Amino acid sequence: INLTPDAIHTSLSLRYDYSGTTSFVSKVRNVDQHTVSISTSQRVSKWDSLSGTYSFVSYFNKDPIGSNFAYRSDGLSLVYTKTLLQALSVNSGYSVDLKNYMNPDSTTLFRRFRRNVSNSINAGVSYRLSEKSRFSLEGRSTWETTNIPALKAEDLVVLGERLADPIPRL
């Protein structure tokens, strides 16, 4: 660690988060989520910095009926920040998230696994009001694609009938 004012600083962090949710409305939404991420930030000059994060998320439903929503995802994000004045900075970034669902999708009658790709771009501005407070604005645009097309109205009717029929048990 170099504490001189002209030093170009680097930071690296590893983080683990857990959240468990119990819904009062629907047990399908009872979930456990584990997230592991590693982030780095590098000042590339006195006024510029570049940061990036890789994250892995595992999202499990506690109830088998909700297993359609269970997934694992890998995400990567990059952000460039430019300080314009001592108290004013702007940033822009890009992120991509690859979400792989762990169980076959019910809309395909459990024959195919859903895979989603989400892309985002963002831009923001931040103004330091005091040593302990900041005012920030950010805009984001996100688009998502999936390997399973949306169902047509007639397909939804057939799917509803098949899923509503009782399953014979021996």
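Two strands count as paired if DSSP finds at least two bridges between them. Strands (E, at least two residues) and helices (H or I, at least four) are DSSP runs, numbered from the N terminus.

The model is predicted: local features need pLDDT of at least 70, side-chain atom pairs count only at pLDDT 80 or more, and totals for chains, interfaces and linings use all residues. Residues are numbered from 1 along each chain as its sequence is written, and side-chain values use heavy atoms, with hydrogens and water left out.

**Exercise 1. Trace the pairing of strand β3 with β2 and with β4.**

Step 1. Strand β3 covers residues 48-61 and is joined to β2 by 13 bridges, the two running antiparallel. Within this pairing, Thr-35 has Val-57 of β3 as its bridge partner.

**Exercise 2. Determine which residues make the nonpolar surface patch, and which element gives the most to it.**

Step 1. Patches are made of residues with over 30% relative accessible area and no salt bridge; like charges are joined within 9 Å and nonpolar side chains (Val, Leu, Ile, Met, Phe, Trp, Tyr) within 5 Å. A salt bridge is a side-chain nitrogen of Lys or Arg within 4 Å of a carboxyl oxygen of Asp or Glu. Areas follow the Shrake-Rupley method with a 1.4 Å probe, and for residues only the protein chains shown count as cover.

Step 2. Leu-12, Leu-14, Tyr-16, Tyr-18, Val-36, Ile-38, Tyr-54 and Leu-76 make a patch of about 840 Å². Two or more residues each come from β1 (10-21) and β2 (31-43); β1 gives the most, with 4.

**Exercise 3. Decide whether Leu-14 and Asn-122 are buried or exposed.**

Step 1. Buried means under 20% relative accessible area, exposed over 50%, and partly exposed in between (1.4 Å probe, protein chains only).

Step 2. Leu-14 lies in strand β1 and has a relative accessible area of 69%, so Leu-14 is exposed.

Step 3. Asn-122 lies in strand β6 (residues 113-130). Its relative accessible area is 11%, and Asn-122 is therefore buried.

Step 4. Apart from neighbours within four places in sequence, Asn-122 is in contact (heavy atoms within 4.5 Å) with Asn-91, Ser-92, Gly-93, Tyr-94, Glu-138, Gly-139 and Arg-140.
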